Amino acid sequence: MKTHAQAVVIGGGVIGCSILYHLAKLGWTDVVLLERDELTSGSTWHAAANIHGLHDNTNISRLQYYTMNLYEELERETGQGCGVFRSGYLYLAQTEAREHQLRLQAAKAKNYGFDFAEISRDEAERLHPLVDFNGIRCIMLEPEAGKVDPSGVTMAYAAGARQRGAEIHRHTPVTATEQQPDGSWIVRTPKGDIHTQWVVNAAGLWGREVAALAGLTLPLQPTEHQYFVTERIPEIAAMGRLLPSVADRDGEYYLRHEGDGLLIGAYEKDMRFWAEDGTPQDFGHDLFPDDLERIEPNVMRAIDRVPVAGTAGIKRVINGPMIWSPDSNVLFGPVPELSNYFCCNGIIPGFSQSGGMGLMAAQWMIEGEMQYDLFPWDIARFGSWADKAFTKAKVQEVYTTRFAIHFPNEERPAGRPVRTRPVYDMQKQMGAVFGLNYGWEHPQWFASEPGVTETAGFKRQNWWEPVGAEARMLREKAGIIDISNFAKYRCKGPGAEDWLNAVFANNMPREVGRSCLAPLIGKRGGIAGDFTVTRLGEDEFWVIGSGMAERFHQRFFKQVPLPEGTVFESLTEAVCGFNVAGPLSRDLLQGLTNSSLATKDFPFMRSARITLAGVDCVALRVSFTGDLGWELHCAESDQVRLYEALLEAGRGIGAGPVGARALMSLRLEKGYGSWGREYSPEYWPQEVGLSRLCKMDKDFLNRDALAEIMDKPARESLVILALEEADVMASGADATGGEPVFRDGVGIGRVSSGGYGYGVNMSLALASLRDPKPGEQVEVMVLGQPHRATVLEKPPFDPDGLRLRA
């Protein structure tokens, strides 16, 4: 066994073998995989191994199609069969909401060249004459979907990796992973130790145990999962061909042709956790006792849809373990707190995603960044707040709602609250309906009374009117927005200015009391983050950024060494904040402070330490609403006192609390981008209007990558779209994000954010489009149906920024 390697992959399931294969394929041939038992032990060997391409997230769809297309290539390359059967999938919609989802996916497929489209009932009955299509609203066909052989795929990855020089050692458990002072690792095994640059935790059911060797706690929880294969069904045997799988997600089961019978599986409501205190080390190719009564309701719905399923006995039952994250997405990427420790854990649709995960992991380790923005997969989306209780509650929720639609803006309740601020109970009594942002509860909107539960769907919901009232109140008078969930940092010391200049692309403010907007550049030259940086003293700066990306951004900050005597620390937990904005915001605040808030004394993009209602605050003259306003940051212990004072002062002028939903509407009216939507490492500064903030006459993190693409023309440009009112009224829906945009029937981009602009009475969307022209007409596929829209030349609210600077 080697004593040195570029990377050591721990885990010999389909994901570990895919990562090993892709590392070797991208040029790292000095790599090793260690498996405690045989390859495919754990969850891989008993997986149903269905493959499909479409996903609600476009980038995940891209990777699933890459994975599906890779399997035949693997067979040709290695001579190892993957058992690929492309029977196709029939996707059925029983409800209006499912119809909307499928039509939107079909529009996305057309935009990106994927094969997924609606077919007639006659065509569906020809493809699968054993399905009863009564009550089905629409049917989509994905002809390239199907199934693979779990062991065959795993062995093909392993063979491909070995052919390129990688080593695989079975029956080689890892007993320790020890980080060295230079950031490398010692991986210890009974057969010897390996010194490696990268450790990759792809240990499947044992991901928690392997993580613990490095001092990590991963939010993962295994469950039982059952499917069964029927005995021979004469009607199926007589077909003489492979029947398409049936994706009837409203029925909460999956069903496919298997041999001369059917395979039926379900995610039942009466689910079972397993191995809550750790996966047994001696577990391998094992299964649990059958417990089919638990999935009987789901199976009966499958029989209603495919009646011949009820005529056959059961040939084989598989009840095996799966390991889940709190949102059922993989925990993926380098652990921000460690050097060179990569996680790929908690994968559910492993055979649809294995190739994409392997490719992205190899890109990240070898090239420093993936080609796609995959924050929904990033391990950094969870912090230590995602404890065992939260994880267990969320896993139960995602398992039992596996096939339920996750609607735009939907907030699911399990496991909450986790992190709250001092004003939480007060806001709750005020009617606040909360959302979750990196564990923090924050008000999304305020109902007329406590205890209101919001509805969810693709169309306008019960929060639409109350959010509108909040937005109009702020535009006409003023509003008070809790922004405590923003990420806040302090950089202090003699090297603070130099360090920040070395991290961010913009020049840091030279004068105390000034602020600037500062992009963070990724390894490929894209926008990894956008921040507001304020100079509060000669050697003290405050930095404010996206709250959900706080752990994500740690990776970038640690790449630039801090000068001696300089500290960079998070203030997010210790500091709370409010944004007071609107034309009367100055009147609201001036009565609470002796500091002058007049424009000449406190102009736009300036800051100061002031006292408001006896509370010490850092006040910044900025506002994400695009209106006159201030951000006010105070110690957490002062939050209630400050909030009470702001609310009391607001009552006198008709102002009050405003939630995050209204804030999102208000920023659309100004065309302001948001990290994770308009800004991501995939987008170049010149594509999202941030190139003027990148000062190429200085050195900063990833400047060379930016220099390579800075003079290239934008591939797409960020624009504001105004949707035709008649189309919006007819559908009852606004754009929300992800909708494709077409010009004369040709896809030209997609919506990144959408909603209603209550202050301008327009349905709006921010979209990245190829070669957009102000005033041109395009079509936005809201609910998968064309909605006419106009490309706006300027923001519809305060296009010249007069209110902002008043």
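Let's start with the cysteines: the count of disulfides here is 0, where a disulfide is a pair of cysteine sulfur atoms within 2.5 Å. Cys17 is in no disulfide, and the nearest cysteine sulfur, that of Cys82, is 12 Å away. Cys17 is also buried, with a relative accessible area of 0%.

A quick word on the ground rules. This is a predicted model, so local features need pLDDT of at least 70 and side-chain atom pairs count only at pLDDT 80 or more, while totals for chains, interfaces and linings use all residues. Residues are numbered from 1 along each chain as its sequence is written, and side-chain values use heavy atoms, with hydrogens and water left out.

**Salt bridges**

The count of salt bridges comes to 56. A salt bridge here is a side-chain nitrogen of Lys or Arg within 4 Å of a carboxyl oxygen of Asp or Glu.

| Pair | N to O distance |
|---|---|
| Arg98 and Asp250 | 2.9 Å |
| Asp270 and Arg272 | 2.6 Å |
| Asp727 and Arg788 | 3.0 Å |

Helices (H or I, at least four residues) and strands (E, at least two) are DSSP runs, numbered from the N terminus. Asp727 counts as buried at 16% relative accessibility, whereas Arg788 is partly exposed, with a relative accessible area of 40%.

Now for Arg98 and Asp250, whose side chains meet in a salt bridge. Arg98 sits in helix H3 (residues 96-112) and Asp250 in the loop between strand E13 (245-247) and strand E14 (254-258), so this pair ties together parts that are 152 residues apart in sequence. Arg98 is buried, with a relative accessible area of 5%, while Asp250 is partly exposed at 22%.

In the Asp270 and Arg272 pair, Asp270 counts as partly exposed at 38% relative accessibility, and Arg272 is partly exposed with a relative accessible area of 32%. There is a network of salt bridges as well, linking Glu99, Arg103, Glu118 and Arg137.

**A barrel and the helix across it**

Six strands form a closed barrel in the order E32-E35-E34-E33-E36-E37, with antiparallel pairing. Neighbouring strands of this sheet are turned by 45° against each other on average, direction ignored. Two strands count as paired if DSSP finds at least two bridges between them. Strand E32 (residues 717-723) and E37 pair in the antiparallel sense over 3 bridges, and Ala722 has Thr790 in E37 as its bridge partner.

Helix H3 lies across strand E33 (740-743), strand E34 (746-757), strand E36 (777-782) and E37, running at about 55° to E33. Axes are lines fitted to C-alpha atoms, for helices over the stretch in contact, and angles run from 0 to 180 degrees between N-to-C directions.

Strand E22 (residues 487-492) runs antiparallel to strand E25 (residues 540-545), joined by 6 bridges. The bridge partner of Arg490 in E25 is Trp542. E22 is also joined by 4 bridges to strand E26 (residues 567-570), again running antiparallel. There, Lys492 stands opposite Val567 in E26.

Helix H13 (residues 496-503) is mostly covered, with 6 of its 8 residues buried. Which residues of H13 are buried? They are Ala496, Glu497, Trp499, Leu500, Asn501 and Val503. Their cover includes E22, strand E23 (515-521), strand E24 (527-537), E25, helix H14 (550-557) and E26, with contact meaning heavy atoms within 4.5 Å.

**Two crossing helices**

Helix H1 (residues 14-25) and helix H2 (residues 58-78) pack at an angle of about 75°, with their axes 14 Å apart. That makes H1 roughly perpendicular to H2. (Angles under 35 degrees count as roughly parallel, over 145 as roughly antiparallel, 65 to 115 as roughly perpendicular and the rest as oblique.) Tyr21, His22 and Lys25 in H1 meet Tyr66, Leu70, Glu73, Leu74 and Glu77 in H2.

Note on methods
Buried means under 20% relative accessible area, exposed over 50%, partly exposed in between (1.4 Å probe, protein chains only).
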